Every structure is written in structure tokens, then in C-alpha cells.
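Hi,

Here is the structure I promised to pass on.

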Amino acid sequence: MGSTGLTHKEVSQLQLKHGKNILPSDRSESWMRILFDSLRAPMTLLLVACSVTYLLLGDAREGVLLLAAALFTAGLDFFQTFKTQKELAALRNLTSPRALVVREGEQQRIASQELVPGDLILLSEGDRVPADAKIISSSGISVDESLLTGESFPVQKSISENLSNPPLYSGTLIISGKAQAIVTSTGLHSQIGTIGASLSQQKEQETLLQSTLRKLSTRIFILSLFFLVFVVLVSGFMQKNWLKAFLLGLSTSISMIPEELPVVLTVFLAMGAWKMARHRVLTRRIASIENLGAISTLCVDKTGTLTENSMTVRALAIKQGHFTTADDTLPESFHSLIEYAVLASHPDPFDPMEKAIHSALAKYLKHSDHEHPDWNLVKEYPLTDKLRAMACVWETRGTQQYMIAVKGAPEDIFDLCHFKTNETQMYLREVERLASQGLRVIAVAKSTVKNSDTLPDKSHDFDFEYLGLIGLEDPLRTSVPESLATCWRAGIKVFVLTGDYPITAKRIAEQAGFEESTPIFMGEDLPKLTQPQLEKSLGGHAIFSRLSHHNKLFLVEKLQKLGEIVAMTGDGVNDAPSLKKADVGIAMGKRGTDVAREASDLILLDDDFSAIVTAIALGRKIYQQIRTAMTYTFSLHIPIGALTLLPIFLKWPTLLEPLHLVFLEMIIDPSCTIALGLVTTHRDLMSEPPRKKNSPFLDKTFLKPIALKGLVALSVCLTVPLTLTNRGFSAEEVRTYTFLVLLGSILGLLFGSLPQKLEHPKQNLVWLSVYAFALLSLIVVFSSKLMLETFHFIPVHNHFALLALALGIVPCALTRYVSKQ
């Protein structure tokens, strides 16, 4: 294999031998568990009870049909749940950790499940170790193995005489440094696989909407059981036929249970996840879609989200003068600055800033003595919270000394160079001059030591010589100003977060559309603010500079205490706590670390700010669609429930039997509800303020349309039995015409629940298709003598059938124009 890694042929052979690098799925997601949950659903159990009752009454045909309906209901629920979980699993696979491997001499990033024993993998800070492996080379690597050991302290991994190839374990986290390693075990054969651990997704927490609907469904189910007992007792004593009384009680329970609720919520959220995936936003936790539409504060990183994250060196500054890249030739006095900036970077850089520095060397100093391909990297001093500077120690060829290059935040480099106060102030003015141009500024220094000396533990112990400043430009994304304007129009506060200088952040923010008077806060000052000062500072748009990950977490916590629904972007290991704490954590897909992605709810594949705004708009639409569908579902259960219950007390013939309810609730109603999920409103939801935190789902604006639509439908349906019962019409005639008017009311409520203005005219085809489907279903029922007998209907002339349907459709359809949702 060597340093070129495996060949494609070797990979294929090893995959056949060892299989995928995956662990078994979580047990709760197995098809058997889903099937069991579907079979014990309230609606299924009630239909089975109805079936048994009919069989006891000697009506085998209806008993078998209801049993088939019970199995169909369970099968439909199973199919939909299983299909949704497969779709969400596909989305999760897109967000699963990826591994950087070397195969046939080329670096490539692949899904970690494609790894095989023998693969050469490259690991760096923030990566999850994708499989068990052994280190073959490393630099300052430390690993969080708490997933396996429970110990939170990082473990240092280095090659020594006692341990030539330190092991790495699948699922552990690289805290710092980098390494090359050879995969030794994958999947079930890895350490975490042998001890039976699972790396499946965390169990999602219930959102407010999910919790509300679950509690509501439970209460309705309990209420339906109460009515079951009540109806059985009343009807039993009145009719002295306890089996029929029990059947009537079951019918009442079936009519009251909104079986569609959990299915509607799951389907709509899954549809929303796929809609966002088409906009290059991946959903890791489906429940976060509900919170998306309620975001009131958006905390967004400047670098790479508002900007393109494609840096270019624009200016250099040394003691002797300045240089801009508008000039073609780099003066000799600036050569060392570029040379040591490259030496203070990774040899094969991934960071855009380091790529820009390498590009500057290639542009101005290629094939010169300032390139050092024959030098060996001996040690790295990585950035820390206390020292924002990276130093590299190089062994030079042909000399007896080490060369040390360091680059980082100017204040920290000035401290490493042991500047006096007046020198620091002088160079800080130069920093401000470059920062005022919107440039990101770093400083560079160098040092030398004899290679016989022991290298110190801290870079602060070197005697550094200051070389100069480098100003890098990261241009603003062209879509940002328009997207920011959309956020402000939607009542969303936007906070710009950056580690840059205040003046740099202000310049970029102003280019994006922020007002010149927008306040700027330093990260270190946040904890010092009093509560009134904090509330005032966080009351509008703001810019936060020199921000650490501790400051980010502090900011999220304070905003949430003020009642804000917070979205936070991040990409690094240290961003994970704030991403997890935020109501919606948003990780970067391109530059984000594995640990940041795992802590997030959404992943931006293109790291583009406009995608966040698109996701928020989709979140608002999806929430509105769910409310519309729920309004429709609850409103149609009012006439269904009443028409089942009232005949008992008014001594009417039975209007709705279990088979009728199955036809309406399992065939017609779901098709109508799904239709509502396919249409979108032309209403500009991004011109409305976000809904308040913990605002109840079942508020007046939700309950009023339900009451109006449901009572209109009930009134229309009651005209049939009120008119026909005492005029010599048979029970079958009253039942037939009531059913037709009820079906018309359900279709009318569908039209009445549509948005006032559809987003696309072609969406009219959706509800028209449902109408055609309902008419086709009626034709099937009324064209067959067997079906008429089974449903206890009479043959109806086409004109009368259409008239009855119209009687139900027209009044309910008109509720669209008198009810605002």
C-alpha cells in the first residue's frame, strides 16, 4: 500500500470481505417495532373490536370488511412511518461524518461507511475518528475518548519507543493536532462495535407542537372511551340490545379520534426536510423545522457565512513601509514576511487564510530561496484560548538550528515579541488602518534556536523577532444584503459574530446593509454588562467582535432568558456547546467539523447565509401548512362526531356506521389532508413578525376557524335528517342522503381551508384531483349492488346525488372567504 493508500481494486475486495463500516440501527427504528406500534394504534384496535362485534351479530360480510379495514389502517400507518423513517435516514446519511482518505495517491473525502481496513486516513482537529486505526505519524494530537472510557480529559497520542503505533478508536474525537493513521477495524469489529455501543442518532426531544398534539390526542382518546361507555349504557338500556349498543359506542369513539394527527405531523415535517434539502440545507433533527419558523434572533458568523471564505492577501505592512497586491513586483524587504507566514502554516493547508498565504508565495516567490521543500516540520504549537497564535518549528537542512515561525492575532504576536507599550500602540494603529479597509489582519514573527536545545513546552518561551502584518480580504457574498433585508422585514434580529477587529467587522457589516450606528461589542465585555445594560444591548441588531466560544454560549443563554428563539451558526469544535444550546443550531457543511455537525440541527452544504433565510421562510410555510391541515382535520370531526351521537338521543335511524367512518376517515379525509400539504400560500409570511416563544398552538386564531367550519358543516348535514325523518323516508334513504351531504361538506371544507391566494395557479389541480377521486369513489360504491347492501344505502339517481353533494360543498366552501387563518 505505502503512502499512496489502497487501490480501488483492493478497496472493492476488502468491502466484500468486511462489509460496510456501520453499526446496527437503533432497535426502536426496526420494521417490527413500527409494525407493532401500528397494530396497537387506537383506531386499529377499535376497528378490530367492531369487526368482532359484527361477527358475533352474525353479519360476516361487514365483520370481514371491517377487519380488512383494520389491517389496511395498520398497513397504511406502517407504510407511511417506515417510508418516512427511510427518507429521514437517507437525509441523516448525507450528514454523517466523512473521512479524508488517501487512495491511489490522491486525497479524497468519502462517507465513513465506505472505509475498509488498510485505508490511510488523515485526521485533524474537530474530526470524529471514523474507524479503529493505528497512528503512523502525528503532530501534537490529543483525543477525547470519553465515549468509550467516560473520562473527559483528552488523551495525548504520540509515537514513542514504547508505543510505535498508538491506537485510535472509532467514535472518539480529535481535540487538537493532526495525524495519519491506518484503519485496523471497521463496523462491528471496531472497539465500539464489540462492546455493543450504538452510534445512531440521538433521540429527538419533543417540540412544543409535538407535545401539544400528543397531549391533545391522549385527551381525545380518553374522552372517546368515556363516550363509548356512556353510549353503550344509554343505548343498551333504551334498546335492550347490548351488542348493538356496544357497536354504536365503538362507532362514536371512532368518529371522535383524530387518527390523522400524528401521521399529518410526521409527513409534513418530512416533506419539509426534503424541501430544504433541495435548497442545500440538510435537516439532522426533524423537530427543529417547527422552531425554524419562530426564530427571532439569528447569530451568524461573519467569516464564511456572510463572506465567501475565499481569502486573498491584499496588503502587507513592515517597519519600512507598505505594499498592496495591486503592485506586480514584491520588494525584497517584504520577502521574509511572506516566507515565514507560509512556514507558520500547515504545509498542505485547508484553512482559507493559509491557502491565501501559500498562493501569495506561489505568486511572488515561486522557485526562489524562500521556498523550503526540504525542511522538516519538527513540532507545532497550536492555537489556544489564551494564545491566538500558531507556531511551527522547522529543522533546516545544512545548519545546526531550528527555525520557528509564528502567525496569529496581532496583540498576541506583539506579546510574544515582548513589545513595550509605545511599540504596541504604534503597531496597533497600523492594524486599525488595515482593518478599516475591511481586511482581516494577522501578524508574523520568527525565531531561531540550536537544534541541540530542548524545545520549550510553550511558544511564549522563544525570543521572537517581529516581521510585519498581513491584510487578507474575504469578500462579502453577493446574496447577503438582500437576505439580511428579508430577515429585518421578517422581524428577525441579526447579530454578526466574529473574532476579527471591531473596525473590520463594522466595515463588512456596513457593506452587508447594517446601519453605521449599529452598536459593536467586544466579547470580553459581555460578562461585565449589568442586566439592564444587557437587555438594552441585545434589544436590536448588533455586532460582536473578538468573540470566543465562551462568549457565544453566554450570548445564547442570555438571549433565551430574554424570551428569544435563537439560531446560531458555527463550524469549530468549540462552537458545539453554543450550537447545542441554541434553539436551532446551524453547522457549516464545507468547513464545519464533525463535532459541530453532530451538535447542530441543520447543516448548510454551501455555508451560504441566504440558505438560512430560505430555511426560515420554509419553516414558516410548513408551520402554516400544519395549522391549516389541523384546522381542517378538527373541523370535519365535528359533523362526523355529532351525526354519530345525536341519533341516539333524537331516536333517528343510525346515520353513520363503522364502515362509513372508515370510508370517510381512511380514504377521503387523508387524501384531502395531503392535498393541503401540497399547496402553498402566496401570502408573504416573511413580512410578518415571528411567533412568540411558547405561544400556544391551540389559540383563538386556531379554534375560531375550527368552530366556524365545523358548525357550518354540521348545520348543513343536519338539514337532511331533520327534513326527511318524519316525512316517511326509510332509514336507508335518510342515511344515504345524509352521507352524500356529509361527503360534500368534507370536500367543501377542503376548498374552504385552502389559502386565499395559492402560490402557483397550477396548485388548483391538487384539490380538483381530490374532488375527482371522491367522485370516482362514490361511483364505485353506488354502481355496485353488493357495495350498496354493505353500506346500507339505496340506489340514487345521478341528479339527486350531485344535488346532495352540492348542498354540502357550497356552504362549506364559502367559509374560505369569511374565515382568516
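Before the helix pairs, one convention: axes are lines fitted to C-alpha atoms, for helices over the stretch in contact, and angles run from 0 to 180 degrees between N-to-C directions. Helices (H or I, at least four residues) and strands (E, at least two) are DSSP runs, numbered from the N terminus.

A word on where this comes from: it's a predicted model, with local features needing pLDDT of at least 70 and side-chain atom pairs counting only at pLDDT 80 or more, while totals for chains, interfaces and linings use all residues. Residues are numbered from 1 along each chain as its sequence is written, and side-chain values use heavy atoms, with hydrogens and water left out.

**Overall**

The protein has 28 helices and 22 strands. Of its 821 residues, 54% count as buried (under 20% relative accessible area; exposed is over 50%, partly exposed in between, with a 1.4 Å probe and protein chains only). Taking contacts (heavy atoms within 4.5 Å) with a separation of 6 or more, 73% are between residues 24 or more positions apart.

**Helix pairs**

Helix 23 (residues 658–678) and helix 26 (residues 764–782) have axes that come within 9 Å and cross at roughly 165 degrees. That makes helix 23 roughly antiparallel to helix 26 (angles over 145 degrees; under 35 is roughly parallel, 65 to 115 roughly perpendicular and the rest oblique). Their crossing is right-handed, where right-handed means the near helix is turned clockwise from the far one by less than a right angle, and left-handed means anticlockwise. On the helix 23 side the contact uses F663, I667, I668, S671, C672, A675 and L678, and on the helix 26 side V766, V770, F773, A774, S777 and V781. By class, this contact has eleven nonpolar, two polar and no charged residues (Ala, Val, Leu, Ile, Met, Phe, Trp, Tyr, Cys and Pro count as nonpolar, Asp, Glu, Lys and Arg as charged, and the others, Gly among them, as polar).

Helix 24 (residues 700–724) packs with helix 25 (residues 731–753) at an angle of about 160 degrees, axes 9 Å apart. Helix 24 and helix 25 are therefore roughly antiparallel, and their crossing is right-handed. Among the residues that meet are K709, V716 and P721 in helix 24 and Y737, L742 and G752 in helix 25. The contact of helix 24 with helix 25 divides into eleven nonpolar, four polar and one charged residues.

For helix 12 (residues 335–343) and helix 13 (residues 352–364), the axes come within 9 Å and cross at roughly 135 degrees, so the two are oblique to each other. The crossing here is left-handed. I338, A341 and V342 of helix 12 make the contact with I357, H358, A360 and L361 of helix 13.

**Cores**

The largest nonpolar core has 71 residues, and Y632, C672, L740, L742, I746, L750 and F782 touch the most other members. Helix 25 gives the most to this core, with twelve residues. (A nonpolar core is a set of buried Ala, Val, Leu, Ile, Met, Phe, Trp, Tyr and Cys residues joined through side-chain atoms within 4.5 Å.) Not counting residues up to four places away in sequence, C672 touches Y632, I746, L747, L750 and V770. Another core, of 53 residues, lies apart from it and includes M276, V300, L602 and I626.

T305 sits in helix 11 (residues 302–306). T305 is buried, at 0% relative accessible area. Beyond its neighbours within four places in sequence, T305 has contacts that include V300, R477, R591 and D608.

D606 is in the loop between strand 22 (602–604) and helix 22 (609–650) and, at 27% relative accessibility, counts as partly exposed. Outside the four places either side in sequence, D606 is in contact with R280, R477 and K590.

That brings in R280, in the loop between helix 9 (260–278) and strand 8 (281–283). Phi of R280 is near 70 degrees, a positive value in a residue other than glycine, and R280 is partly exposed at 40% relative accessibility.

H367 also has a positive phi, about 60 degrees, although it is not a glycine. H367 lies in the loop between helix 13 and strand 12 (376–381) and counts as exposed at 71% relative accessibility.

Cheers
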